[in-house]
Amino acid sequence: MKRVALLGMPNTGKSTLFNRISGSSARVGNWPGITVDLMSAKILLGGHIAELVDLPGLYDLHGFSDDEQVVRHFLSSHPVDLIIIVLNSTQIDRQLSLALQIRELGLPTLLLLNMSDEAKRAGITIDLDSMSKQLEIPVQQISAKYGDGYQKALNESARLISQKSYHVSPEEIAGLLEKDSHIEQEMEAIVKSTVAMPAILNDQLTNRLDQVLLHRWFGLPIFLIAMYLLFQLIFTVGKPLQDAVALLLQLLRDNMLEPLLINAPEWLHGLLLDGVFNGVGTVAAFVPIIVLFFLVMSMVEDSGYLSRAAFLLDALMAKMGLDGRGFVMMLMGFGCNVPALMGTRVMRSRNMRLLTMLVIPLSLCSARMQVFIFMTATLFTARQAPVVLFSLYLVSFASMFLTAMLFKKHYANNEPFILELPPYRFPTPKQIWLRGWNEVRHFLNRASKFIVIGVVMVWALTNYPSNVPAASADTLAGQIGHMLAPMLDPLGIDNQLAIALIFGFVAKEIVVGALAVIYGLQGDALMHLMAQHLDWVQGMSFMLFTLIYTPCLSTVATLRNESKSTGFMLFSIGWSLTLAWLVSFIFYQGARALGF
Amino acid sequence: MCVLPSLLFYAIIKNYYHLAYQFMTLTNLNPGEQGTIQAIHADESLHQRLSALGFRAGKKIELIRKASFNGPMHVRIGTTDIILRLTEASRIQLANPN
């Protein structure tokens, strides 16, 4: 099978082109030794089945950033039959250097100058024939967004890949990559003779928007309002969709699966329905939120506003060892940790990504909110409850800040903060939709097995041995709760609450349901009994522990997928457990010592 | 008691320390002002990154705006808008205007 590598500078529309070529057939490939996800797709190219690989965006083939190293590693360890370089027509005067560097590798190469629509608007004309002659590689102009010149480019790729030409082995490329080449002068010569650019090219609209959106005083409030509205949009639209998914699953269970399994032995019935099926349900519940989140995120990202947000917030984030882009993800984590973690892919430095991923699971997501609303309604008056909820938000922010400050040395990155501000663009609906869809498939592929196994395990823990009531103190979970008593007693967390915490490992949404099973009561009766059982100090301690101790299983699965490191995932869980214990301990013992 | 003098001292140092280096950098521009890049004082990796984004000796550079709280700067080189932190901006030496 032939292999085609797609390569280009950041912000050149490379991924848009990739999505256009691959449609929705893209998969996340596994490449030995590479720590980021590379999307690839099987495509038909001039009678060959070819594998198209989307390499990370890079400025310089010899650069030192993580992405640049990934590209070098890829090219020097995997044979490639054709390189397609994507550059931005409007910035060709400085981007051509990359094409010259790639040309040195001696592989069949096609140069695509993207964003022909923007170049036309800006009055930039490029003499493609002359450029192609001087570069000695075919050059074509396209608009990946609108499809202009796209078919021609595909035909050219097919022609190039069919040529029985020389073959350069990865080893030779590794050697070539060592050499530095003097490209600067050649680039200027080619640009001078082939590109006509207006002397000053100012996008008036972008300038005017920037004057408002990046304003010294109004910029931040506008950003916060915009984020708040997007957040509201995601969750007001997402919640009914999540409920609808839950309803559909319930209908499926009641009308199809229950009758089907009516004669099955009880353990099989329990395993399949309460274990596997609930696991599938847990995964499915995330789908609407992830789709919506990435619809919104790709709008924010492709429009050029994400880089602006980074500009506005970088001063604050730099103190935490992060950069401006991390803030957007942290904020999104307050809705749902899973897509926020997936969103950290916009960061180029691995260390900065890991630090951001360590911080995000501490944000008070909407699922944890459900537990807190129930607990505060049970243990506090209507007047106290909002104060308690607000203080939990503060604790969440504080624990994120503390974590970043503690570990910023460990995840130190010397990544200089230099970002390009692209002009504002309207993303096309197709662009947005493909992005949302690909992200969901990615989540489902990677997370589902992990989550189903986790749910089955918790089901088994709370249902075995089978001769005792489910979720009671005699089950395995109850015994674990008993074993953990020396750890949890100093926090005021009793055996029943400990079992609820074990359920909470799967998803915070089921904690309240678990309490109902554990106490054998529901609704008001459950609240009444719990209010008799617990005082507010215990309840608060339980909430603090729930807030920090571990994100849900979906988040854990995402942590592992995105970091590609089980060690990092375990470290993240370990740290949040430790922090949760300390916070609850200090609170509980402190409150008791003060006489509450 | 010594808060005020030390604040004053800090302000002076902050505004005039570049004179000790005898050259003007990107951080000395005010929003709306232009300069010409004379040299880039950076290690190889940062140098490459900057030059890939269009920071080269002889190029004209304009400071568009600065973010509040000592945040990054927004500059324009030719057709490209770039944001960068002050630490990186201080590595970019500009030709003296006269």
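Predicted model: local features only at pLDDT ≥ 70, side-chain atom pairs only at ≥ 80, totals over all residues.
The radius of gyration is taken over C-alpha atoms, and the globule rule used with it is 2.2 Å times the number of residues to the power 0.38.

Figure 1. Residues are numbered from 1 along each chain as its sequence is written, and chains are lettered from A and ligands numbered from 1 in the order in which they are written. For 596 residues, a compact globule would have a radius of gyration near 25 Å, and the 27 Å of chain A agrees with this. The C-alpha trace of chain A spans about 85 × 60 × 40 Å along its principal axes. Chain A holds 26 helices and 10 strands; helices (H or I, at least four residues) and strands (E, at least two) are DSSP runs numbered from the N terminus. Among the 596 residues of chain A, 44% count as buried. A residue is buried if 20 or more other C-beta atoms lie within 10 Å of its own, exposed if 12 or fewer, and partly exposed in between, with C-beta atoms placed from the backbone. Of the contacts in chain A with a separation of 6 or more, 75% come from residues 24 or more positions apart; two residues are in contact if their C-beta atoms, placed from the backbone, lie within 7 Å.

**Figure 2. The two domains of chain A.** Chain A is divided into domain 1 (2–196) and domain 2 (447–593), with bounds that come from an automatic or database domain assignment. Taken over C-alpha atoms, the centres of domain 1 and domain 2 of chain A are separated by 50 Å.

**Figure 3. Strand E1 of chain A and its two parallel partners.** Five of the seven residues of E1(A) (residues 2–8) are buried, and the strand is mostly covered. E1(A) pairs with strand E4 (residues 48–54) of chain A in the parallel sense over five bridges; two strands pair if DSSP finds at least two bridges between them. Within this pairing, Ala5(A) has Val53(A) as its bridge partner. Five bridges also join E1(A) to strand E5 (residues 82–88) of chain A, again running parallel, and here Leu6(A) stands opposite Ile84(A).

Figure 4. Helix H21 (residues 495–504) of chain A is mostly covered, with nine of its 10 residues buried. The buried residues of H21(A) include Leu497(A), Ile499(A), Leu501(A) and Phe503(A). Tyr228(A) lies in helix H10 (residues 219–260) of chain A and counts as exposed because it has 11 C-beta neighbours inside 10 Å. Tyr228(A) and Met332(A) are 104 residues apart in sequence, and their C-alpha atoms are 9.7 Å apart in space.

**Figure 5. The contact between chain A and chain B.** Chain B contributes 25 residues to the contact and chain A contributes 24 residues. On the side of chain B that touches chain A, the elements giving two or more residues are helix H2 (44–52) and strand E5 (80–84) of chain B. H2(B) supplies the largest share of that side, six residues. By class, the side of chain B that touches chain A has 10 nonpolar, 10 polar and five charged residues. Here Ala, Val, Leu, Ile, Met, Phe, Trp, Tyr, Cys and Pro count as nonpolar, Asp, Glu, Lys and Arg as charged, and the others, Gly among them, as polar.

Figure 6. The open sheet of seven strands has the order E10(A)-E5(B)-E4(B)-E3(B)-E2(B)-E6(B)-E1(B), with antiparallel pairing. E10 of chain A and strand E1 (24–25) of chain B stand at the edges with a single partner strand each, so one side of each is left without a neighbour in the sheet. Helix H12 (residues 305–319) of chain A packs on the sheet, touching E10 of chain A together with strand E4 (73–77) and E5 of chain B, and its direction makes about 135 degrees with that of E10(A). Axes are lines fitted to C-alpha atoms, for helices over the stretch in contact, and angles run from 0 to 180 degrees between N-to-C directions. Across the chain boundary, strand E10 (residues 418–421) of chain A pairs with E5(B) in the antiparallel sense over four bridges, and Leu419(A) has Ile83(B) as its bridge partner.

**Figure 7. Strand pairs within chain B.** E3(B) and E4(B) pair in the antiparallel sense over four bridges, with Leu63(B) and Val75(B) as bridge partners. In their hairpin, which has six residues between the strands, Phe69(B) takes a positive phi near 55 degrees.
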